[in-house]
Amino acid sequence: MHTIDINCDMGEGLHNDALLMPYISSANIACGYHAGDEATMKQTVELAMVNQVTIGAHPGFADKANFGRTEKQLSSAEIYDLVTEQIYLLQKVTNKFGARLHHVKPHGALYNMSAKDPVLANTIAKAVYDFDSSLLLFGLSGSYSISEATKTGLKSVSETFADRTYQDNGSLTPRNQANALINSTDNCIKQVLQMILQKTVTSVTGQTVPIIAETICLHGDGNQAVHFAAAIYQVLQQHRIHIQSTLQ
């Protein structure tokens, strides 16, 4: 039987977290820098616990005005502190509820930059490892985020996306391009099944790109996020693919 982790970015103030939780196995919770605050962290942690969803920190650039999706040039020391501080903020909340941190997934521009930059990827991996070496790092399949985590001794989880399109080199289509998002339920489901069963994804030019799908992300801020989540859940059940978080 196939198993797959379905993760979702949450605690970002979009008010659909409770509706999404039943369909996922991992929640990436905003830590107050690109979105959210202590109250949303507490609320989202409680929701995750009720739904038996594993909890991860979702650190991003301190840039709420741009939702953490604008690139920023920071030193390695600043990146290290940025990541460490946000994991710590979420851990304070999980400790209050007796919950456990499971993983870390960088957000937005920080995620995409680290996928292409080995120095940045290594800095993030070291920050996570030094904070708690048992944490998992979610990173783009085939990217520096994965290879640098391995060099650091940190266990990584290769991530793919249900609602984003891909370039020929396996990178995500930039959000400033018109075809960056998948808006069709049928296309979303087709891509998810292809990634799980065939270990490939079809790029925007029609190329077949090999990937490793250990976790699949569905963005909580998508216009059809809840509809997509329910449809994916139903189709995976029909194909006897079990939704389950990755073990630490």
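The lining of the largest pocket comprises twelve nonpolar, 13 polar and seven charged residues, where Ala, Val, Leu, Ile, Met, Phe, Trp, Tyr, Cys and Pro are classed as nonpolar, Asp, Glu, Lys and Arg as charged, and the others, Gly among them, as polar. The structure is a predicted model, in which local features need pLDDT of at least 70 and side-chain atom pairs count only at pLDDT 80 or more, whereas totals for chains, interfaces and linings use all residues. Residues are numbered from 1 along each chain as its sequence is written, and side-chain values use heavy atoms, with hydrogens and water left out.

The largest pocket holds about 690 Å³ of space. On a 1 Å grid over the protein atoms alone, a pocket is an open set of points with protein on both sides within 12 Å along at least five of seven lines, a cavity is a set of points where a 1.4 Å probe fits but cannot get out, and lining residues have an atom within 4 Å of a point. Grid points are joined across faces, edges and corners, and a volume is the space filled by probe spheres set on the points. The pocket lining has 32 residues, of which Asn 112, Lys 116, Leu 140, Ser 171 and Leu 172 lie nearest the pocket centre. Helix H4 (108-116) and strand E8 (208-210) each contribute at least two lining residues, and H4 gives the most, with six. Helices (H or I, at least four residues) and strands (E, at least two) are DSSP runs numbered from the N terminus.

Over the whole structure, the search returns one cavity of 30 Å³ or more; the volume of the largest cavity is about 30 Å³. Its lining is formed by Ile 6, Tyr 23, Leu 218, Ala 229, Ile 232, Tyr 233 and Ile 243. By class, these are seven nonpolar, no polar and no charged residues. H8 provides the largest share of this lining, three residues.

The largest nonpolar core contains 68 residues, and Leu 90, Val 128, Ile 216 and Leu 236 have the most contacts inside it. Helix H8 (residues 225-238) gives the most to this core, with seven residues. Such a core is a set of buried Ala, Val, Leu, Ile, Met, Phe, Trp, Tyr and Cys residues joined through side-chain atoms within 4.5 Å; buried denotes under 20% relative accessible area, exposed over 50%, and partly exposed the range in between (1.4 Å probe, protein chains only). With neighbours within four places in sequence set aside, Leu 236 is in contact (heavy atoms within 4.5 Å) with Ile 4, Ile 6, Val 192, Leu 193, Ile 196, Ile 241 and Ile 243.

Disulfides, defined as pairs of cysteine sulfur atoms within 2.5 Å, number zero. The sulfur of Cys 31 is 15 Å from that of Cys 8, the closest cysteine sulfur, and therefore too far for a bond. For Cys 217, the closest cysteine sulfur is likewise in Cys 8, at 6.5 Å, also too far for a bond. Cys 31 is buried at a relative accessible area of 1%, and Cys 217 is buried at 0%.

Two further residues were examined individually. Asn 122, in helix H5 (residues 118-131), is buried, with a relative accessible area of 17%. Excluding residues up to four places away in sequence, Asn 122 touches Glu 148 and Thr 152. Arg 240 occupies the loop between H8 and strand E10 (242-243) and is exposed, with a relative accessible area of 69%. Arg 240 and Asp 221 are separated by 19 residues in sequence and by 28 Å in space, C-alpha to C-alpha.
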